[in-house]
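I opened the model today to go through its fold, its core and its helix packing. My entries follow in the order in which I looked things up.

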Amino acid sequence: MAPRDRRGADLLGIVHEDGSSLGQAKSSPLDRWLLRRIMQAAGTPAISMRLWDGYRVDGPGDLVGKVTVLGRRALWNLVRQAEVGFGDGYAAGLIRVDGDLVAVLEAIYLSVRALRQNSAWLRWRYERASRP
């Protein structure tokens with residue numbers, strides 16, 4: 001049995017292959033807004049990003065894969081620190097990638113890179129954040 005909070009909601013927010021969850025609430029308007037902002041911050045790569053309840057945001061063109069965020073905790077980790085949040089969530093099984101993982105990561109990387117090159121402010125912000 002998954003750990004639950006005081007209201008009885010599943011703390012892990014795990015979604016089974018058939019789409020059923022262990023008590024995970026339906027995504028809120030804030031969850032959906034955050035997912036859209038994550039896609040925009042990544043330069044809208046050619047992937048489909050989905051939440052645990054099926055809400056999705058698709059990138060343009062032919063999609064190379066699907067990334068499913070299986071819980072609110074994983075979503076907030078992506079917001080706080082995208083690269084680490086993605087890796088930790090994937091390793092913990094809280095983020096699922098359907099399709100070629102390398103192709104999905106490459107699409108995200110190329111999209112972020114193009115966005116940073118086209119935005120002086122983002123380039124400055126990224127370089128400042130990368131300093132030791």
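I take helices (H or I, at least four residues) and strands (E, at least two) as DSSP runs, numbered from the N terminus. With that settled, I looked up Thr44, which lies in the loop between α1 and β1. Thr44 is not a glycine, yet has a positive phi of about 55°. I sort residues by relative accessible area: buried is under 20%, exposed over 50%, and partly exposed in between (1.4 Å probe, protein chains only). Thr44 comes out at 35%, so I noted this residue as partly exposed.

**Ground rules.** This is a predicted model, in which local features need pLDDT of at least 70 and side-chain atom pairs count only at pLDDT 80 or more, while totals for chains, interfaces and linings use all residues. Residues are numbered from 1 along each chain as its sequence is written, and side-chain values use heavy atoms, with hydrogens and water left out.

**Confidence.** I read pLDDT as the predictor's confidence in each residue, from 0 to 100. The protein chain averages 80, and 70% of the residues score at least 70. Over residues 1-22 the pLDDT stays under 50. I count a contact when heavy atoms are within 4.5 Å. For residues 1-22 the model has 37 contacts beyond four places in sequence. Where pLDDT is low, the predicted coordinates should not be read in detail.

**Overall layout.** I found five helices and four strands in the protein chain. Along the sequence they follow the pattern α-β-β-β-α-α-β-α-α. Of the 132 residues, 32% are buried. Among contacts with a separation of 6 or more, 43% join residues 24 or more positions apart.

**Core.** A nonpolar core is here a set of buried Ala, Val, Leu, Ile, Met, Phe, Trp, Tyr and Cys residues joined through side-chain atoms within 4.5 Å. Which members of the largest one touch the most other members? Ile47, Met49, Val67, Val69, Leu75 and Leu78 do, out of 20 residues. Two or more residues each come from α1 (29-41), β1 (48-51), β3 (65-69), α2 (72-80), β4 (95-99) and α4 (101-118). The most come from α1, which gives four. I then listed the contacts of Leu75 beyond four places in sequence: Asp31, Leu34, Leu35, Ile38, Leu51, Trp52 and Val69.

Angles under 35 degrees count as roughly parallel, over 145 as roughly antiparallel, 65 to 115 as roughly perpendicular and the rest as oblique.

The axes of α1 and α2 come within 10 Å and cross at roughly 40°. α1 is therefore oblique to α2. On the α1 side the contact is made by Leu30, Asp31, Leu34, Leu35 and Ile38, and on the α2 side by Arg72, Leu75, Trp76, Leu78 and Val79.

The axes of α2 and α3 (residues 82-92) come within 6 Å, crossing at roughly 150°. This makes α2 roughly antiparallel to α3. Asn77, Leu78 and Arg80 of α2 meet Ala82, Gly85 and Phe86 of α3.

**Lys66.** Last, I checked Lys66, found in strand β3. Is Lys66 buried or partly exposed? Lys66 is partly exposed, because its relative accessible area is 25%. Beyond four places in sequence, Lys66 is in contact with Ser48, Arg50, Arg96, Val97 and Asp98.

Notes. Axes fitted to C-alpha atoms, helices over the stretch in contact; angles between N-to-C directions.
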